[in-house]
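Open the model in your viewer and keep the selection panel at hand.

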Amino acid sequence: MQDPGRLPQEGIGRKDLNQICRRFTLIQRERLQRIEHELLPSQQDFIRLLPLLFHINHPMLPGFVNTTTPAGIPNFSPTKLQLLTAKRISRSFDYQKRARRRFYIQGLYLMGSIGSVAHTLGSDFDVWLCHDPALRQSALESLKIKAKRIESWAQALNLELHIFVMNADRFRRGERETLSYDSSGSTQRRLLLEEFYRTGVLLAGRYPLWWLVPPEEERRYSEYAAMLLHKRFVDPLDCIDFGGLETLSADEFFSAAHWQLFKGIEAPYKTILKLFLTEAYSQEFPAVQWLCQGAKAEIYAGQDNADELDPYVLLYRRLEQYLSGRGESARLELVRRCFYFKTGQKLSRKLADREPSWQQRLMERLSREWQWSQADLSLFDSRESWKIDRVLEERDMLVRELTRSFRLLTDFARTHSEGGSIDTQELSLLGRKLYTALEKRPGKVDSINPGISRDLEESQLSLHYTEDAGETSGWLLYLGEVNHDQAQVATPIKATTGLIELLTWCQLNGIMGPHTRISLYPETCPVTKTELRSLLEALAVCYPRGMYSCAPLAELASQPYALACTLFINVGTDPMAHLSRQGKQLTSNRCDPLSFGAAHVSLVAQIEQLVRTSWGEILLFIHQGETGLLKSLCHYLQLLLFRPAGDLPEVTAHSYSSVRSKGISRRVEELFNQVSRAFSPTGHGLHSRYLLQLSDNHYLIHNSQERFSYIRLSSPEELTDLLAQPLTRFSPLVIDPLTLTESPLPAIYALNRPGIIQLFYFDHKDQTQLYLLDEQGALFQQQLPLTEEYYLLLQQQRFINNICLMRNLQEKEPAHRLLLAAPEFFRLSQTRDGCFIANPSKPPRNRLADDYLELRLLSEGLNLNHASWVLLSGEREFSSLEYGDQLFQQVAEHILAQRQSRQTYPIYLTGLQLSCLSSGSSVSTMQLFNLKRRLEQRLGEALTCLSKGTAKPVNPV
C-alpha cells in the first residue's frame, strides 16, 4: 500500500521536504549572520529593522507614508532585538501586535554579493519586495513611495540600497519587470532568476518554492511545482513561486551576454567573472547547467559548509572547471585575480592584533590552493597604485578578453539567428561600443585605465622632440628622467606625431598631475617650458575630470557628432619669426591674423584640433599650412551635421608661441563659432555659403551632398564669376566680418532674402554700379554710365516686372506670390571710414509717358546666334533675318531718331518674350539679366559709333 505522506512515484515525502526546507533555512540564517558581521552598527540596525518597516505602518519609523500603505509579512513576528532597535530609533515607538486578515507583503529578499565572500563595504544592496498581486494601483504607488523613502534613509547610513517592488506572478509569466539595478529587465528574466536562486537571502516572508523541486526535476519544474501545490504537500501560503529555469531562449541568452559585455567595457574587473560564466553557459546552450542547480544539488546531498556554498565560490569553481578543461591557464589566472579583486581582501596586509574574518580565512585557503606567493599578494594588493607600465599590460589583456567575448557573442548570434529573435542591431551597436572604447587608431586618444588603478600620476616624465632628415617630427614620452643619450636605448611609453595628442593622453589618463616634474629635450626643443605649462593648464580646464565615460548605446545608433572642440594653434611654431627677419610685421596696419601685414600672410601655420564626440571618443587632427585652417574648419562642420537641434558647442582656441598668440587664437575661435552658426539650422542653414579671406586669396566654404568643402578664389574676377553662377535653390552668402571690408558686397548680402529680386546701385564719378541679387542669391553686376536715379530704377523695374509676369503666365496655376513679391531697391553709400551701407529706395510709381518707346526682345531661347530673333521698338520690328549684322546699328538709328536733339543716353531693354519657356524650360534670372546686359552693351556700342560717325565691327551676342 502506498504511503499517503509521500509523493506518488517521486520517492520523496513531507518529512523529506521539511528537512530540505530546514537545510535551506539554516544556510540562509548563517549568511544573514555573516551579513550583520560585515556591517557597521548603524547598518546592522538597518538590516535588522527592514522587515519590521514593511510589516507595519508606524508614523515614527523611517519610510512612513500613511496607515493604509500595504503592509504585513506572513510568518513574521518581530524579535525582541528588532523591537529594541526600533525603540532606539524612535523612543515613542510602541509595537501593538494585531491579528491580520491579509498579508500584503509576500516576501522580502536580499540578493547579490551581500553575505558572500565578494561583499565589501562599498557593495550595494538589492532587495526584492514581493507584494500581493491583487494590490490596486493606488496602493502599489503608496508602497513604492515607502520603498523610496527607506532607500533615502539607507543612503544616510552609507548604504546603497535598491528596493525592487515586484509582482511574482507577473515575473513568472515573463511580463516586464525591472528587478535588478544591473539588469536590463525582462530580457534577462531567467538569468536574473538564476542569480536570485544562487545569491538570494530570505529576510522575511515566504520561502521560494524552487527550494523544494529536486535538482533532477528542474527540466520539468512547472509540472513538478504544480503537483506539489495540487497534492498539498506544500502550503501555498508558506511559499512563493518565481518560476523555473527549464527553458532559455536564444534571444534572452544573447541579451544577457550583450548586457554583461556592455558593462564590462567600462569596468571589466566587475563583470569579467559574469562574462566568463556566460561564455561557459554558451558552450552548453540550450541544455545549460545552471550554477544555482549545482548549489541545490549540494544542499540536497547534505552539504552545509557555507564557504563551499558561497555564491561566488560556486562561480569560481565553475569557471575553474571550464577553463582547466580547455587548458587555458592564462585566462584562469585572470579569473583568479578578478575574483580576488572582487572580494576586496588584502592578504599581504594582515593585522597581527586582529582576528581574521571568515572572508580572509577563505581567501587564504584559496590563495594557497592557487600557489600564490607573498610577492604575488603584495603586487595584487597594490593594484590601486599601479603605474602606467603595469596598467598598460593589464589593460591589453582585458581588452583581448572583451574582444574575444564579442567574437563569441557574434558566433552565437550567427548560429542561433535563424528564428529572427536575436536583434542583430544590438550586436552592431555593441560592436561600435567596443570600437570606440577599445580600438587603438591614429588620432584617437585612448583610455588605458578601465578601473585598474586609482592613481597613475607620475612624479617624473621626460618629453623628447624628434625630427628626422625628412623633416618628419614627433614626440616621445619616457618615464622618469631620461636624457638624450639614455633615450637612445630606452623605450618610450608613448609616441605621437603632435604634442597635443601626447599631452591630452596624459591629462585624460591622469599621468601628468600638479606635482609631476617634466623635462624637455633637446635644448633646441621648439616648445618652451612656459608654453608647455600653458598648454597643460588649458587641457586641465577642457578636461578637468580626466577621461569621459563611454557613450550610451542610444548615441551609437546614429552618426557621431561633435560635443566639444578645442583648437591649439602653432604649438612650438612662431609664425612671426620669418616676418620679423624680413621686417614686414610693422609695414602695414593690417592686423587680421588670417591676412596679416603688407604681405597678407596667414599667421595660422598649424592647427591641432581636439574633438570630443557623441560616441565618447576624443579625437585629434593635425592640419598644416595655409589651407590647414580650412580643412580643420570643414572637418568640424562635418562633425556637426548629425547634431540634434539645440545650442552649438562653443569652440575654444589656444595659442602661446608668439607675441600675437592671443589675437590669433581669438580670431580663429571667433571664425569657427561664426561659421558653425552660419550653417546651423538656427542660422542660415546647410545651403548657405561662407566667404573669407586667407592670405591673398578668398575661399568659399559650402556644403554639397552633405560634404563640406572650400573653393579657392585667387582673383576678384574669379570671385565675381563664382557669385554670378546661377543657383538651383536659395543659397545665402555669409561674408566674414574682416573680408571685403572695402567692398559693398557685405552690405548687399546682409539684406539678401529668398524669393525676392533685390537691386542695389552706387553712383561714383561718372559711373553707376548696378548689383542685383536674384531669388536664389546669385549676384549680377553691371556698370552703366551715370544715369538719373528715376530713369535707372524705372527701366530696371519694368524689366524685373516683365520677368515676373512672364514666369507667372507659364505656371500651371497662377503664382500670386510672383506678382506680390515686388522687387526691392537699395541705394548704396559710403561712410567716412569707407564702409558701405544700403538704404531702401522707393521704386518709381509714375506712369510712363505716352510717347515712351519700349524695346523688347522676341526669341526662341537665350542663344541668339543659332536662331532668328526680333527686337521690337514700339511698333517697329527689327528681325535678325532681315538686318543680320546691321541689326543693332539699325535699332540704334531708329531709337536715336525718336529722341529730341538725338540724345545719346543709354538704351535699355524693357522686356523680353522667350518661347522656350512655353515648353517648360527653366531659365534663371541671372541668365535673363546677362542677356539683357549683352544686348544693351551692343546697342550702346552702336549708339556711340553713330554719334561719332564710325562703322561698328560685328561681334556675336
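This is a predicted model: local features need pLDDT of at least 70, side-chain atom pairs count only at pLDDT 80 or more; totals for chains, interfaces and linings use all residues.

Start by selecting every cysteine sulfur: a search of the whole structure turns up 0 disulfides. Zoom to Cys542, which is in no disulfide; its nearest cysteine sulfur belongs to Cys565, 9.9 Å away.

A disulfide needs the two sulfur atoms within 2.5 Å. Cys835 is partly exposed, with a relative accessible area of 36%.

**Stop two: the fold**

Switch to cartoon and colour by secondary structure. How many helices and strands does the chain have? There are 30 helices and 27 strands.

The C-alpha atoms fill a box of roughly 140 × 75 × 60 Å. The radius of gyration is 42 Å, whereas a compact globule of 957 residues would have one near 30 Å.

Draw the contacts next. Among those with a separation of 6 or more, 67% join residues 24 or more positions apart.

**Stop three: surface and charge**

Colour by burial: 53% of the 957 residues count as buried. Show the accessible surface of the chain, about 45,700 Å². Carbon and sulfur atoms hold 49% of that area.

Finish with the charged side chains. Select the 108 positive and 109 negative charges; their mean positions are 6 Å apart.

Terms used
Residues are numbered from 1 along each chain as its sequence is written. Side-chain values use heavy atoms; hydrogens and water are left out. Buried means under 20% relative accessible area, exposed over 50%, partly exposed in between (1.4 Å probe, protein chains only). Helices (H or I, at least four residues) and strands (E, at least two) are DSSP runs, numbered from the N terminus. The radius of gyration is taken over C-alpha atoms; the globule rule is 2.2 Å times the number of residues to the power 0.38. Contact means heavy atoms within 4.5 Å. Accessible areas come from the Shrake-Rupley method with a 1.4 Å probe; for residues, only the protein chains shown count as cover. Lys and Arg count as positive and Asp and Glu as negative; His and the chain ends are not counted. The place of a charge is taken as NZ of Lys, CZ of Arg, CG of Asp or CD of Glu.
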